Amino acid sequence: MRAARLIKMVLLLQARPSMTGPELAQELEVSERTVARDVLSLSEAGVPVYADRGRSGGYRLIGGYRTRLTGLGRSEAEALFLSGVPSALREMGLADAASAARLKVSAALLPELRDAATGAAQRFHLDAPAWYQEPRTPALLPAVAGAVWDDRRITARYLRKDIEVERQLEPYGLVLKAGVWYLAARAQGDFRVYRVDRFTAVEVPDGGEGGGEDGAEGPTGGGRFIRDEAFDLPAFWAERAAQFARSLLREEVVVRLSTHGVRRLPHVTERAAAEEAIDAARSGDGPDAQGRLTVRLAVESAEVAYAQLLGLGPEGEVLHPPALRERFAAAARRTAALYA
């Protein structure tokens, strides 16, 4: 722990012309007294750390000293590619690895380029959680993330419709969607998606388990698993997300749309279903004499369709099913009475 802190101190001083004791203490999360002791230890080890006295003083490296401890470790290199998602890094327990990686990159840059990281951070930021939702970090996320990074099987207990089941999983990848974490994993030969916040227990075999090279075993044993190199996480997630969206659309409504209603429909209902319905209508009968387009729209349910299509106002007329049409007619009458 102390050795890692000393290395980090050297990298910090190498990346900046000078740092005060309080600045180093804050970066290293230690006291100023510990900083002073660490500086003394570095000096005794031959690292030329010079202390400037006085109010504007601080610590700096002299003589153009450059450490060679800038090689990125595996976890640091992987975390660096996620450094644009700081909240996700913290939740997966990778914030320290990313911090060390950024320091090493900064130390390797030319002096005139060392403000590049700060400049980028001040200009671009990814806010992953959805609006009006309080993000909650699943308690077991760090354990799952560790297994994903290390290609290690897990035994997980999972809530499925309020029933707890146990699964042996090969965790391939994590996806953060609108503030919710999902795990893409192989179970019994098939790839599936699990919500991480529904895991109630996760057991990760230690590194000593498993046979074969690097603890790798067959498809049902413990320890590490052999990753399918053909697996593409973004492509897999896109396909499953589309399948999930389609699986929800179990009913159909017929809607006659004005020109403005056609433009609005993808913004008030499921976009892919809306665009598919509009394209099918245009390639079929097309608009009527008044320029209105009649579409057959796949929806989750009549209740959901009612809530969504209300957003069209007078730009959309529900034709079928009759019960839904009557519900819109009643809503229109109530609205007209309010404005009478």
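**Exercise 1. At what angle do H12 and H13 pack, and how far apart are their axes?**

Work this one out on the predicted model above, then say which residues of H12 and H13 make the contact.

*Solution.* 
- Start with the geometry: the two helices pack at about 35°, and their axes are 11 Å apart.
- Next, the handedness: H12 and H13 cross in the right-handed sense.
- Now list who touches whom. H12 brings Ala 302, Glu 303, Ala 305, Tyr 306 and Leu 309, while H13 brings Leu 324, Arg 327, Phe 328, Ala 331 and Arg 334.
- Sort these by class and you get 7 nonpolar and 3 charged residues, with no polar ones.

**Exercise 2. Find the strand order of the open sheet of 3 strands, and explain why one side of S9 and of S10 is left without a neighbour in the sheet.**

*Solution.* 
- Reading across, the order is S9-S8-S10, and the pairing is antiparallel.
- Zoom in on S8 and S10: their antiparallel pairing runs over 4 bridges. Take Val 255 as a landmark; its bridge partner in S10 is Val 318.

**Exercise 3. Which elements supply at least two residues each to the largest nonpolar core, and which one gives the most?**

*Solution.* 
- First, get the core itself: it has 23 residues, and those with the most contacts inside it are Val 253, Leu 257, Leu 265, Val 295, Leu 297, Leu 309 and Leu 324.
- At least two residues each come from S8 (251-257), H10 (259-268), H11 (271-283), S9 (293-299), H12 (302-309) and H13 (322-339).
- The top contributor is H11, with 5 residues.
- Pick Leu 324 and look beyond its neighbours within four places in sequence: you'll find contacts with Val 253, Ala 302, Ala 305, Tyr 306 and Val 318.

Terms used:
Residues numbered from 1 in each chain as written. Predicted model: local features only at pLDDT ≥ 70, side-chain atom pairs only at ≥ 80, totals over all residues. Heavy atoms only, no water. Core = buried A, V, L, I, M, F, W, Y, C linked by side-chain atoms within 4.5 Å. Buried < 20%, exposed > 50% of the residue type's maximum accessible area, 1.4 Å probe, protein only. Contact = heavy atoms within 4.5 Å. Axes fitted to C-alpha atoms, helices over the stretch in contact; angles between N-to-C directions. Left-handed = near helix turned anticlockwise from the far one by under 90°. Nonpolar A, V, L, I, M, F, W, Y, C, P; charged D, E, K, R; others polar. Pairing = 2+ DSSP bridges.
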